[in-house]
Amino acid sequence: MSRMVQCVKLGKEAEGLDKAPYMGELGKKIFENISKEAWQLWLRQQTMIINEYRLSPIDPRARKMIEAEMEKFFFGEGSELPQGFKPQS
C-alpha cells in the first residue's frame, strides 16, 4: 500500500514519496509533507530554473539557489519564474 501524506503544496492528501528526494533536513521535510505529484511539479520548475539561469547543479552557489527556490516552492510563497521567461508556444 502506498504511503499517504497531507501534501502542503497541493493542500490535499496524496501519495507520498518512496524515499527522501533530497539530503538533510530539507529532504526530510519534503519526504514528510510533499506528495509525488507535487514533487513532479517541482522537477519541471527546477529544470526551467537550471536552464533559464544556466546553472550547474555541481556549483555550490547554484545548489544554494536551487535549494532556496525549492524551499519557497514547497513551503513559502512559491518559486518565481525567471525574469524575462517566456514559455515556448
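At what angle do α2 and helix α3 pack, and how far apart are their axes? In this predicted model, residues are numbered from 1 along each chain as its sequence is written, local features need pLDDT of at least 70, side-chain atom pairs count only at pLDDT 80 or more, and totals for chains, interfaces and linings use all residues. Side-chain values use heavy atoms, with hydrogens and water left out. The protein has an average pLDDT (the predictor's confidence in each residue, from 0 to 100) of 90, and 87% of the residues score at least 70.

Helices α2 (residues 36–53) and α3 (residues 60–75) pack at about 140 degrees, their axes 11 Å apart; angles run from 0 to 180 degrees between N-to-C directions, and axes are lines fitted to C-alpha atoms, for helices over the stretch in contact. The contact (heavy atoms within 4.5 Å) includes Trp-39, Trp-42 and Ile-49 of α2 and Met-70, Phe-73 and Phe-74 of α3.

Five aromatic pairs are found in the whole structure; rings of Phe, Tyr and Trp (its six-membered ring) pair if their centres lie within 6.5 Å, and planes under 30 degrees apart count as stacked, over 60 as edge-to-face and the rest as tilted. Trp-39 and Phe-74 form a stacked pair, 5.9 Å centre to centre with 10 degrees between the planes, and are 35 residues apart in the chain. Trp-42 is buried at 0% and Phe-73 at 9%.

Key. Helices (H or I, at least four residues) and strands (E, at least two) are DSSP runs, numbered from the N terminus. Buried means under 20% relative accessible area, exposed over 50%, partly exposed in between (1.4 Å probe, protein chains only).
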